[in-house]
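Please examine the sequence and the model shown below before reading on. The explanation that follows is meant to be read beside them.

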Amino acid sequence: MKMRTIGSLAVLAGFSLSLAASAQDLPDPSKVIDTFEKLGGVNKGLRRNHAKGSCAVGSFVASADAKKLSSSTLFSGKDVPVIARFSVAGPAPQIPDTARAPHGLGLQFKLPKDELQQTAMLNVPIFPVSTVQGFYDSLLINLPDPATGKPDPAKAQAFAAAHPEAKPFFEYMGSHNASATYTNATYRSLSAYKFINGKTETWVRWRFEPAGGEKFLTDAEAATPHDFLDKDLTDGLRKAPAKWTMIAIIGEPAKGDSIKDPSAPWPAGRKEVKLGTLTLTKGGQDATGTCEDINYDPNVAAAGIEPSSEDQILQYRSSAYAESYTRRESEKQ
Ligand code: HEM
């Protein structure tokens, strides 16, 4: 394994990952959260992963095509209020914005009749691992070895050898600096969801594509660790709203598109449908607190959209996020 790949494993530990066996074999969520705490500290009141972040508010308006795929009221075409949270993956809130860590976007859509639709996405094209155990292992290899006080590189090498599915992720992280702003990034669900409209069922993955295009830090900008994301978000939204187009990639499970594994890419060229426009109008220091007490559990979905029940990682995230949420909220009392 190359040094760069080992470096990327530290980034991976800061964020998320994979699955496969039966429910009773899955790691205990409290142990996973304990491990995040060992890696990033117990930061009272903060998320145990994606600890650093900024809130934003705005709305979503669906396209007419979206309604054909799903009967969800998310796609009514009316203005749907949204509370967003941008984040930097990792358990430590001190991580510099220049770090090559994935960025996250959580969205909570407030639908009629007190229904909610949620998503928590990453700005990477693929998830690194295919199992929850793999994700847990990616955290464990970053714990310091008692003998040296540092992570053992041999464990990182063994992890990479055991997880060839992670190679595209490492290659992506190795070839991209951090996003230059929260608003110039494409965020992806990675996992698959079933859209339902009457008897019609369609498997999709979605992405939010920024109207301003994708921008990454230059090597010179990334050279000195510093923070800029929250200020850029605050100032940028004071000047003009930021917009993303929500796009569905139409899966073809009969041709092998995985609805179980967010580390398995779907082939290029699949049909895509524009689902609508997300507009954020206020954020950062102007939206402080609006998203802090939200648990962006990606399995919270309104009628018409179903998270894949076969995706172990997606399903497991509910229990891990609940454990983190319970700990951070209890610390505020
Ligand atoms: C087994 C795999 C995973 C585990 C154990 C895990 C764990 C966590 C935990 C504990 C949190 C903090 C939750 C909170 O306190 O509210 C979190 C946040 C987050 N995760 Fe994951 N995660 C996993 C996979 C993923 C995947 C596949 C994605 C995206 C495709 C993702 C995206 C995010 C985002 C965007 C946040 C921040 C949400 C917010 O701002 O509140 N995670 N994750």
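The paragraphs below take up a helix, a strand with its partners, and a loop residue.

The model is predicted. Helix 2 covers residues 29-40, and its 12 residues should span 16 Å at 1.5 Å a residue; the C-alpha atoms at its ends are 16 Å apart, in agreement with that expectation. The buried residues of helix 2 are Val-32, Ile-33, Phe-36, Leu-39 and Gly-40. Viewed down the axis of helix 2, these buried residues fall within an arc of 115°, and they therefore line one face of the helix. In general, an α-helix has 3.6 residues a turn, so residues three or four places apart point the same way. Just after helix 2 comes Gly-41, which takes a positive phi of about 90°.

Strand 1 runs antiparallel to strand 2 (residues 80-88), to which 9 bridges join it; here Gly-58 stands opposite Val-82. Strand 1 also pairs with strand 9 in the antiparallel sense, over 7 bridges, and in this pairing Val-61 stands opposite Thr-277.

The loop between strand 8 (242-250) and strand 9 (272-283) contains Arg-270. Is Arg-270 buried or exposed, or does it lie in between? Arg-270 has 15 C-beta neighbours inside 10 Å and therefore counts as partly exposed. Beyond its neighbours within four places in sequence, Arg-270 is in contact with Ile-249, Ile-250, Gly-251 and Glu-252. Lys-68 is 202 residues from Arg-270 along the chain, and the C-alpha atoms of the two are separated by 18 Å.

Key
Residues numbered from 1 in each chain as written. Predicted model: local features only at pLDDT ≥ 70, side-chain atom pairs only at ≥ 80, totals over all residues. Helix = DSSP H or I, 4+ residues; strand = E, 2+ residues; numbered from the N terminus. Buried ≥ 20, exposed ≤ 12 C-beta atoms within 10 Å, placed from the backbone. Contact = placed C-beta atoms within 7 Å. Expected span 1.5 Å × (residues − 1). Arc of directions from axis to C-beta. Pairing = 2+ DSSP bridges.
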